[in-house]
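Here's a walk through a two-chain complex, taking the contacts between the chains and then the contacts inside each one. Have the structure open and follow along.

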Amino acid sequence: MEYAEPPDPILGVTEAYKRDTSPDKLNLGVGAYRTEELQPYMLEVVKKAERIMIDSEDNKEYLPIEGLADFNKATAELLLGKDNAAIREGRVTTLQSLSGTGSLRVGAAFIGKFLPGRTVYLSNPTWGNHKNIFADAGVEWKEYRYFDKATIGLDFEGMTADLEAAPDGSIAVLHGCAHNPTGVDPTREQWGAIADLCERKGHLPFFDVAYQGFASGSLDDDAWAPRFFANRGIEIMVAQSYSKNLGLYAERVGAINFVLADAAAAKRVLSQIKRIARALYSNPPVHGARIASTVISRPELFAEWNTEMDEMAGRIKSVRQLLYDELTKLEPSRDWSFVTRQIGMFSFTGLSPKQARTWLPGRCSLPCCNVENMTQKHHVYMTKDGRISLAGLSAAKTPALAAAIVDSFKV
Amino acid sequence: MTSAAGGLFSHVEQGPPDPILGIAEAYKKSTNPKKLNLGVGAYRTEEGKPLVLEAVRRAEQAVVSNPDHEYLPITGIPEFNALSARLAFGEDSSVIRENCNATVQALSGTGSLRVGAEFLARHYPVRTVLLPSPTWPSHNKIFPLAGVADVRAYRYFKPSSRGLDYEGMLEDLRKAPEGSILLLHACAHNPTGVDPSLDQWRGILEVAKEKKFLPFFDSAYQGFASGDLERDATAIRMFADEGMEMLLAQSYAKNMGLYGERVGALTVVARDAAIAERVESQLKLVIRPMFSNPPRFGAAIVVKVLQDPELYALWRKELKGMADRINGMRTLLFQELQRAGAPGKWSHIVEQIGMFSFTGLSKPQVEYLTAKWHVYMTLDGRISMAGLNQASCRYLAEGIADAIRACP
């Protein structure tokens, strides 16, 4: 090894932010929710759940390979709805795994082993780690058009054309809601067309659901897309994460789900993903799953969770509105409506991704690199693809951010 | 329903049950009141109950009182990594003093092995791993799945003595390709309970140096085997003191009873600090697409226990308590086997060490023991001593005696 690899494109942003000594610095890098005071937020229901758990003095025995049964039942129902036919018919397989990443990895390894030779299609752009996950699992990936730079919205024609052109039976990774990094989601009508396409082509939709409840504040609304596909009888895979919506980031709580044609397939698939999980980490961590299960299964905690989620989603929505107002005030000639059209934690501002090969602050002085301008001149830390995390933005700092954005677009 | 008749997954076959965890499932299904679970390696008290150590309970209280669920760095809690390395290599280890170690938090022993194996498959030119025969079954899966495709067995267990086949082991090691990855159980070999003596470790070290092997220690029982943390790290430290570059997978599942919290660490010992730093950056690239960053709770507990002098002392005491109970069971089972007149020699029961014992029972004998006596254990004849108590030692001894007579 002649050289160390560059820092992780997302997690490395926080590392750089920490090193910055400017009082004006703003971390809009990693997607962890922050309060108006820009502090981490620990959900009340999580504190209560942990207390309940500590008081009941649960043991720390190994979970089964597939994870905590109560959690698996709760998470499948949360995703698909309590009275979902597929669950009732035993056609849903759920395996607790290590948050979104781990669930995607198990799913990817399954694809690599049981659907060999098939290509996975990822949106352009997508969460950076998607590419690495599939690559490390030995699965080929390609991209489908997604973000339209001109409208700062969805390139629906491009997306459907690319998925249409893909070989039958390809895997399409779809963001369940609050697309990361763009914040641009298909409309329900567009989802319908995508479902038609997948059915016609025999594609396997693989939903990445990392923001259920966190995007709109409503768990049900945010699960609309995967439910729609499942209720249409389309076989799907779904990776879930409780990092954001339950604020359980570090406890690595998530699940990989399969909604299948029949119960027999569900059993067989479970037996195979268990083998995959066994060779990766044996069985999943118990603590976070117990917290999630406790919160979901107790009506008073569940209700309180919904309220807290509504507040988090609400703060992000209001900060989007504020940013829109500030940007429009500073630069009324430009259309900033994408800020409030987009949804969720992230926004693709349309600022140019950095062109240089290595990411070393201070090295690049090209005028096209306006992300660099954001960081070097304004101490606003964001990922090099132009993504900002609204979750890291306070109302207090919004005017400064608006000024930085307007300035950087001039660069 | 979907475009493909029978769905996209109709070709997926039912996978075989896990050889170890499958036993627990079978045990659970049994309704016989006499059933005995000697399968999976989790400690049980004399009353047959799982145990959460007092030191852990206290640490847990402290962790929950100061809650923090923010993402850890990719490599985990830095203090955890430093403390884990110190625990394994010793306070005054040159490895640590010279920062030659890249230590990352991972998902217990399995996760540490997997990250290590993936790293080696990418950055180590020799894709051969040498595993003892027998070994924990997952070793055979983890390495090839990670890309270390050439898996070779070296002789280890000698059925005739139920001890170490030292000559056979060295012979097989000498025949192996130069530079092979050499997997070694740091102590309390799983499943046999047979460990090399100090002299034999020296002999293994010599061959490892001769053949330029890359040792990869699997340390899942430090402190749990003999009751003494330093003693159980002897082999690791012997190799490290020789300046060997090596890998180490550590687990806190058994010695801190943190099983389900999935707490462990992978260490790569490199020639110098600069290399270790580059190695760490590469380990991060393995981890990020696997699980992004490790779970916090269990590691936070470990940090508390290792950092707080009172908790640390309490832990050492409880660790010795567990090891003593297991050794007590070994002695008792040995006596009961004599009493039951079980055919054959049984001294290996007390000579072997750690949670497991390789009884020497054959597959038909094990199946008989399960069917007639409702004793659940793995088909290779391995029993978990931790699953025994005073009463069940006698029951098991009688069952074994019966099984050997019934299936000679």
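What kind of peptide bond joins Asn124(A) and Pro125(A)? A cis one, with omega at about 5°.

Before going further, keep in mind that this is a predicted model. The predictor gives the complex an ipTM of 0.94 and a pTM of 0.94. For chain B, the mean pLDDT is 95, and 99% of the residues reach 70 or more.

**Where the chains meet**

Let's start with the contact between chain B and chain A. It takes 75 residues from chain B and 75 residues from chain A. Between them the two chains bury about 6500 Å², with carbon and sulfur atoms giving 57% of it. On the chain B side, Phe9(B), His69(B) and Tyr71(B) supply 13% of the area buried against chain A, more than any other three residues.

How many salt bridges does the rule find across this interface of chain B and chain A? Nine. If you'd like one to look at, go to Arg44(B) and Glu61(A), whose side chains meet in a salt bridge at 2.8 Å, N to O. The same interface of chain B and chain A also has 32 residue pairs in polar contact, both residues at pLDDT 80 or more.

Several helices of chain B supply at least two residues each to the side that touches chain A, among them helix 1 (21-29), helix 2 (54-65) and helix 5 (108-123). Helix 11 of chain B gives the largest share of that side, with seven residues. Sorted by class, the side of chain B that touches chain A comes out as 34 nonpolar, 22 polar and 19 charged residues.

**Inside each chain**

Now for the domains. In chain A, the assignment gives domain 1 (11-42 + 310-409) and domain 2 (62-297). Chain B is divided into domain 1 (19-51 + 320-403) and domain 2 (72-307). Here are the values for the two domain pairs.

| Domain pair | C-alpha centres apart | Buried area | Carbon and sulfur share |
|---|---|---|---|
| Domain 1 and domain 2 of chain A | 28 Å | about 1700 Å² | 64% |
| Domain 1 and domain 2 of chain B | 28 Å | about 1700 Å² | 65% |

Take chain A. Here 20 residues of domain 1 are in contact with 21 residues of domain 2. Ile343(A), Phe346(A) and Phe348(A) lose the most area on the domain 1 side, together 32% of what that side of chain A buries. The rule finds zero salt bridges between domain 1 and domain 2 of chain A, but six residue pairs in polar contact, both at pLDDT 80 or more. On the domain 1 side, helix 13 (299-330), helix 14 (338-341) and strand 11 (346-348) of chain A each give two or more residues. Helix 13 of chain A gives the most, with five residues. By class, that side of domain 1 of chain A has ten nonpolar, five polar and five charged residues.

On to chain B. The rule finds zero salt bridges between domain 1 and domain 2 of chain B, and eight residue pairs in polar contact, both at pLDDT 80 or more. The elements that give two or more residues to the domain 1 side are helix 13 (309-339) and strand 11 (356-358) of chain B. Which of the elements of chain B gives the most to that side of domain 1? Helix 13 of chain B, with five residues. The classes on that side of domain 1 of chain B are eleven nonpolar, eight polar and three charged residues.

**Backbone spots to check**

A few loops are worth a look as well. A cis peptide bond also joins Asn180(A) and Pro181(A), with omega at about 25°. Pro181(A) is in the loop between strand 7 (171-175) and helix 8 (188-201) of chain A.

Then there's phi. Glu57(A) isn't a glycine, yet its phi is positive, about 50°. You'll find Glu57(A) in the loop between helix 2 (44-56) and helix 3 (69-80) of chain A. In chain B, Arg262(B) isn't a glycine either, and has a positive phi of about 60°. Arg262(B) is in the loop between strand 9 (246-251) and strand 10 (263-269) of chain B.

How values were computed: Residues numbered from 1 in each chain as written. Chains lettered and ligands numbered in written order. Heavy atoms only, no water. pLDDT = per-residue confidence, 0-100. Domains from an automatic or database assignment. Contact = heavy atoms within 4.5 Å. Buried area = accessible area lost by both parts, 1.4 Å probe. Salt bridge = Lys/Arg side-chain N within 4 Å of Asp/Glu carboxyl O. Polar contact = N/O pair within 3.5 Å; in protein donor to acceptor, adjacent residues only side chain to side chain. Helix = DSSP H or I, 4+ residues; strand = E, 2+ residues; numbered from the N terminus. Nonpolar A, V, L, I, M, F, W, Y, C, P; charged D, E, K, R; others polar.
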